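Subject: Structure for your review

Dear colleague,

Please find below the sequence and the structure that I am handing over to you. My notes on what was found follow directly after them.

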Amino acid sequence: MTKHTDLTSAAIRAHCATGASHVAIEIVDETGSTNADLLARCASLPGPTLRIAGQQTAGRGRAGRPWLSQPDATLMFSLAWRFKGPLHQLVGLPLAVGVALAETMCALGVPVQLKWPNDLMKDGSKLAGILVESQQTPDGVWAVIGCGINLLMPDALEQQIGRSVSAVPWLAQMERNTLVAALLSRLAGVLAEFDDTGFAPFTERWNALHAWQGQHVKILDNGQLLQQGIASGVDHLGRLLLRTDAGLTEIMSGDISLRLGQE
């Protein structure tokens, strides 16, 4: 098996599609957070930059929650990308990123689904998380897209996480440079398209991968029930559509949690 220490920028680039050829690739054994690393450098980055770490000592999920990982069991990377539009046009970006990752994995023979707003699911458990952070610089708006994908799930790591999570041993067996190149190629294509069009053209693609379509769900904010109803996909802005007794309600992403109704 190719481990993170065998990753090289030249090997990744050799497998990338033409649309990703302009992305700079950095590989480090260990860092605090690849997202934090790139956010600190947005103003000086010459162009799109992918940063991959074998281990993150301060990895973060949404709302500052820690992202626990283990070398070679988790694929962790961040991609800094400059957008030409204003900041508000990045609405829906985490969902478009989810489409890119999910479509890549499906193409590689791993059926996955999407949970609103930014998780990949496999067999009903979380497989990957996405964290998008943005920064305004003099040369435009940058988004730093962090991804953590559980390739393997050792028992000790699952116990540390404290809940059931999923993994993709099939992809863990794949040559790691080829896997990263496949993900980067699809991401680069999706981000370029998103920069031109926004989320709207991705709506149907996201809904086709929706894990909880037609199921009763609850919207929680810090444990408090905000709303509940039948999950009915997302709209052209990436808002979750919830069918309630009062009609159709649009839910904007924030620091909220989505749970199945029986949980």
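**Findings**

S33 is found in the loop between strand β1 (24–31) and helix α2 (34–39); helices (H or I, at least four residues) and strands (E, at least two) are DSSP runs, numbered from the N terminus. This is a predicted model, in which local features need pLDDT of at least 70 and side-chain atom pairs count only at pLDDT 80 or more, while totals for chains, interfaces and linings use all residues. Residues are numbered from 1 along each chain as its sequence is written, and side-chain values use heavy atoms, with hydrogens and water left out.

With a relative accessible area of 7%, S33 is buried (buried means under 20% relative accessible area, exposed over 50%, partly exposed in between; 1.4 Å probe, protein chains only). A polar atom of the S33 side chain lies 3.3 Å from the backbone nitrogen of N35. This is a polar contact, that is, a pair of N or O atoms within 3.5 Å; within protein, one must be able to donate a hydrogen and the other to accept it, and residues adjacent in sequence count only if both atoms are side-chain atoms.

Q56 belongs to strand β2 (residues 49–56) and is likewise buried, at a relative accessible area of 11%. Its side chain reaches the backbone nitrogen of T34 at 2.8 Å.

**Sheets**

The protein chain has seven helices and twelve strands. Seven of the strands form an open sheet with mixed pairing, in the order β1-β2-β3-β7-β6-β5-β4; two strands pair if DSSP finds at least two bridges between them. Its edge strands, β1 and β4 (113–115), each pair on one side only. Within this sheet, neighbouring strands are turned by 20° against each other on average, direction ignored. Strands β5 (residues 119–122) and β6 (residues 125–137) run antiparallel and are joined by four bridges, with K122 opposite S125 in β6.

Helix α3 (residues 93–107) lies across β3 (74–83), β4, β5, β6 and β7 (140–150), at about 135° to β6. Axes are lines fitted to C-alpha atoms, for helices over the stretch in contact, and angles run from 0 to 180 degrees between N-to-C directions; contact means heavy atoms within 4.5 Å.

Five strands form another open sheet, antiparallel in its pairing, in the order β11-β10-β9-β8-β12. Strands β11 (247–251) and β12 (257–260) stand at its edges with a single partner strand each, so one side of each is left without a neighbour in the sheet. A hairpin joins β10 to β11 through two residues, and these strands pair over five bridges. Here R243 stands opposite L248, and T244 opposite G247.

**Cores and burial**

Of the 263 residues of the protein chain, 54% count as buried. The largest nonpolar core has 67 residues, of which L50, L75, F77, V97, L101 and L120 touch the most other members. A nonpolar core is a set of buried Ala, Val, Leu, Ile, Met, Phe, Trp, Tyr and Cys residues joined through side-chain atoms within 4.5 Å. Helix α6 (residues 176–197) gives the most to this core, with ten residues. Leaving aside neighbours within four places in sequence, V97 is in contact with I130, I145, C147, L187 and L191. A second, separate core of seven residues includes L39, L45, A80 and W142.

Kind regards
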